[in-house]
Amino acid sequence: MTTWRQDDLSVRKCVRHGLSKAHERDSSLSSSSPRGPQHLRVLLVWEVWAAVAAMMRLRRPSSLLWAAALTFMFFLYIALPSSAPPEPCLCGQQQHSLPPNALPKTHPLDKHKLALLIPFRDRFEELLEFAPFIHNFLNKQHKNHHIYVINQVDNLRFNRASLLNVGFLESSVDCDYIAMHDVDLLPLNPEVRYQFPEEGPYHVSAPHLHPRYHYPTFIGGILLVRREHFRHVDGLSNKYWGWGLEDDEFYARLKEAKLEIFRPGNLTSGIKDTFRHVHDQRRRRRDMIKCYNQQEVTRHRDRHTGLSTVKYSIQSRKEVSHVGLRTS
């Protein structure tokens, strides 16, 4: 992709004159650029007017006649069209293009495309670190991917499950599997694979690898799910406000649908060096308040809410690029 500065003169010239006008390079962008016809015309103007002024100062009839003749010839030169073909507009070359190795990559050998769904609110510092990191990590694995950041902008308590449901509905259909991905969890071991979950959901941040959570039914952090499997279980419950427990209810949905959960094996790393958890509890305290018997309810499947019942409104859609990385 390419980016423009707001004060890029070449852009303004293209908008104002179109492609038929000769393009004049912005001297602030290229002070050593070759001198073109426009530059010669400017020099000619100064020379002619200097000569005319000198002749008029003499106040002789012959000098005045020469000055009038020189002025007339100069105006003819300016008014008549040039026989030379117009110089093509180079605005496309003047755009501040990213280097080829920073452009978004596609991997033709990968037959699948991953949609990373990032439920988000007030975690901009983590996002700035996460997005380029995971982009480079997946490119090294030759994985086609797109990052979707679903930002909750209302004043209600955070609802991670609903944001994931919204992200699934709003993500492109050419992404045939999703990653329910926490923004504060970064994979460190290159052996951690974001492979297409052919046989069933693939829990990347397994209990024996996650730096904090180790109970056997834990499926939070990073979970890869095929689109058809996510639809089959009707996504996640929309009842969970605040932090936690929505993953445990989703586990009940997967088990009821008889979808086996797969996890990484034979890695050379463990809970201390497979992932980096970047959440700072002192700066951002989690909303841990549970409503009524919310913790008890997670043991049972919610049959009333899910992907098919989520209600939301889109305030805006923005595509953000960061050194060749695109997020929506």
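The structure holds 15 salt bridges. It is a predicted model. Side chains of opposite charge can pair when their charged atoms come close. Three of these pairs are set out here.

| Salt bridge | Closest N to O distance |
|---|---|
| R317 with E170 | 2.8 Å |
| R301 with E256 | 3.0 Å |

**Bridges across the chain**

Start with R317 and E170, whose closest N and O atoms are 2.8 Å apart. R317 lies in the loop between α9 (294-297) and β10 (320-322), and E170 lies in helix α6, so the pair ties together parts that are 147 residues apart in sequence. R317 is exposed, at 61% relative accessibility. E170 is partly exposed, at 31%.

R301 and E256 form another salt bridge. R301 sits in the loop between α9 and β10 and E256 in helix α8, so parts 45 residues apart in sequence are tied together. R301 is partly exposed, with 21% relative accessibility. E256 is partly exposed too, with 39%.

Charged side chains can also be linked in a network of salt bridges: R160, D182, E246 and D247 are joined this way.

**Helix α8**

How much of α8 is covered? The helix is mostly covered, with 8 of its 11 residues buried. Among the buried ones are E246, D247, F250 and R253. The cover includes α6 (160-170), β5 (177-181), β8 (222-226) and α7. Just after α8, K258 takes a positive phi of about 55 degrees.

**Aromatic rings**

A pair of aromatic rings is described by the distance of the centres and the angle of the planes. The count here comes to 7 aromatic pairs. Y213 and F218 form a tilted pair, 5.4 Å centre to centre with 40 degrees between the planes. Both Y213 and F218 are buried. F230 and F250 have ring centres 6.0 Å apart and planes at 45 degrees, so this pair is tilted. F230 lies in helix α7 (residues 227-232) and F250 in helix α8 (residues 246-256), so the pair ties together parts 20 residues apart in sequence. F230 and F250 are both buried.

F133, F137 and Y194 form one aromatic cluster. A charged side chain meets a ring as well: R227 lies over the face of F168, 4.2 Å from the ring centre.

Definitions and conventions
Residues are numbered from 1 along each chain as its sequence is written. This is a predicted model: local features need pLDDT of at least 70, side-chain atom pairs count only at pLDDT 80 or more; totals for chains, interfaces and linings use all residues. Side-chain values use heavy atoms; hydrogens and water are left out. Rings of Phe, Tyr and Trp (its six-membered ring) pair if their centres lie within 6.5 Å; planes under 30 degrees apart count as stacked, over 60 as edge-to-face and the rest as tilted. Buried means under 20% relative accessible area, exposed over 50%, partly exposed in between (1.4 Å probe, protein chains only). Helices (H or I, at least four residues) and strands (E, at least two) are DSSP runs, numbered from the N terminus. A charge sits over a ring if NZ of Lys or CZ of Arg is within 6 Å of the ring centre and within 35 degrees of the ring normal. Contact means heavy atoms within 4.5 Å. A salt bridge is a side-chain nitrogen of Lys or Arg within 4 Å of a carboxyl oxygen of Asp or Glu.
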